Amino acid sequence: MATKNKTITRDDIVSKYMDEVLEKGQKPKSVYHFAKENDFTEAEFYSFFGTLEGLEKEIFRLFFANTIDLLHKNTDYQEYDMKNKMLSFYFTFFEILTANRSYVLQALKIDRNPIRNLVQLTSLREGFKEYVSEILTDDYRLEQEKFQKFQEKAIQESAWLQLMMTIKFWMDDESAAFEKTDIFIEKSVNASFELMNVAPLNHLLDFGKFLFKEKIYSKQ
């Protein structure tokens with residue numbers, strides 16, 4: 001009696017894709033070739049992913065999702081302020097990247113066009129920006145409501161840019177245990193939160209409102 005083949009899972013496909021990229025030094029030519037060389041069907045692939053590009057994005061989304069899961073398992077994490085939550089995210093996220101360093105380096109350098117490589121980070125970007133919004137506290141939020149939405153988007157985008165800069169630094173880091181990346185993370189996050197100090201901005205806005213009122217009423 002023939003033994004029924006094991007049902008392939010989403011995680012199986014992710015693992016097989018990462019292995020193939022590392023072993024061959026290039027992406028599969030098509031879903032057909034990828035499925036055939038790994039003993040599953042195209043239909044099984046399409047039950048989880050629409051394209052190979054979608055699979056690539058999912059890998060980096062999983063790095064992010066695993067980071068968040070680990071953070072939430074830390075009972076002290078919820079008591080952290082925003083800066084320490086961000087530091088915890090960075091150190092955990094880069095531990096996961098380091099555990100998959102060979103794949104990350106290969107994936108982000110595989111195409112001559114850097115823009116095409118960065119497309120893989122689309123899902124990571126969406127998740128990270130949402131995370132930044134979730135941990136944003138009143139300490140870093142402007143009092144004036146009409147400026148809050150603009151400010152939140154600016155913080156999200158600047159935080160994403162900082163994460164991208166850190167990934168680039170980590171990719172180029174040749175220090176033992178990537179200790180220079182750890183130093184870079186701590187210094188850059190501390191600096192960014194110093195720049196995010198909204199107290200001077202609130203005072204400046206209040207002063208602007210005062211001058212505006214004085215100018216308007218002085219003409220009456």
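# Helices and their packing in a predicted model

Modeller: Helix 4 and helix 8 are roughly parallel to each other. This is a predicted model, in which local features need pLDDT of at least 70 and side-chain atom pairs count only at pLDDT 80 or more, while totals for chains, interfaces and linings use all residues. Residues are numbered from 1 along each chain as its sequence is written, and side-chain values use heavy atoms, with hydrogens and water left out.

Biologist: What makes helix 4 and helix 8 roughly parallel?

Modeller: Helix 4 (residues 52-73) and helix 8 (residues 122-135) pack at an angle of about 30 degrees, and their axes are 7 Å apart. Axes are lines fitted to C-alpha atoms, for helices over the stretch in contact, and angles run from 0 to 180 degrees between N-to-C directions. Angles under 35 degrees count as roughly parallel, over 145 as roughly antiparallel, 65 to 115 as roughly perpendicular and the rest as oblique. Helix 4 and helix 8 are therefore called roughly parallel.

Biologist: Which residues of helix 4 and helix 8 meet?

Modeller: Helix 4 brings Lys-57, Phe-60, Arg-61, Phe-64, Ile-68 and Leu-71 into contact (heavy atoms within 4.5 Å) with Thr-122, Ser-123, Leu-124, Gly-127, Phe-128 and Tyr-131 of helix 8. Seven of the residues in this contact of helix 4 with helix 8 are nonpolar, three are polar and two are charged. Here Ala, Val, Leu, Ile, Met, Phe, Trp, Tyr, Cys and Pro count as nonpolar, Asp, Glu, Lys and Arg as charged, and the others, Gly among them, as polar.

Biologist: How many helices and strands does the protein chain have?

Modeller: The protein chain has 11 helices and zero strands. These elements are DSSP runs numbered from the N terminus, where a helix (H or I) has at least four residues and a strand (E) at least two.

Biologist: Why is helix 5 called roughly antiparallel to helix 10?

Modeller: The axes of helix 5 (residues 82-99) and helix 10 (residues 179-195) come within 10 Å and cross at roughly 155 degrees. That value makes helix 5 roughly antiparallel to helix 10. Across this contact, Met-82, Lys-83, Met-86, Leu-87, Tyr-90, Phe-91 and Phe-94 of helix 5 meet Asp-182, Ile-185, Glu-186, Val-189, Asn-190 and Phe-193 of helix 10. By class, the contact of helix 5 with helix 10 has nine nonpolar residues, one polar and three charged.

Biologist: Why are helix 4 and helix 6 called oblique rather than roughly antiparallel?

Modeller: The axes of helix 4 and helix 6 (residues 101-109) come within 12 Å and cross at roughly 140 degrees. Helix 4 and helix 6 are therefore oblique to each other. In this pair, Ile-59, Phe-60 and Phe-63 of helix 4 meet Tyr-103, Val-104, Ala-107 and Leu-108 of helix 6. The contact of helix 4 with helix 6 has seven nonpolar residues, no polar and no charged ones.

Biologist: How do you know that Phe-94 is buried?

Modeller: Phe-94 has 4% relative accessibility, and therefore counts as buried. The term means under 20% relative accessible area, exposed means over 50%, and partly exposed lies in between (1.4 Å probe, protein chains only). Phe-94 lies in helix 5 and touches Leu-163, Thr-166, Ile-167, Trp-170 and Ile-185, not counting residues up to four places away in sequence. Phe-94 and Thr-166 are 72 residues apart in sequence, with 9.3 Å between their C-alpha atoms.

Biologist: Is Gln-156 buried or exposed, and which residues does it contact?

Modeller: The relative accessible area of Gln-156 is 12%, so this residue is buried. Gln-156 belongs to helix 9. Leaving aside neighbours within four places in sequence, Gln-156 is in contact with Lys-129, Glu-130, Val-132 and Ser-133.

Biologist: What makes Asp-39 exposed, and where is Asp-39 found?

Modeller: At 75% relative accessibility, Asp-39 counts as exposed. Asp-39 is in the loop between helix 2 (31-37) and helix 3 (42-46). Its phi is positive, about 60 degrees, although Asp-39 is not a glycine.

Biologist: Why is Phe-178 called buried?

Modeller: Phe-178 has 18% relative accessibility, and therefore counts as buried. Phe-178 is placed in the loop between helix 9 (145-172) and helix 10. Phi of Phe-178 is near 55 degrees, a positive value in a residue other than glycine.

Biologist: How much of the protein chain is buried?

Modeller: Buried residues make up 38% of the 220 residues in the protein chain.
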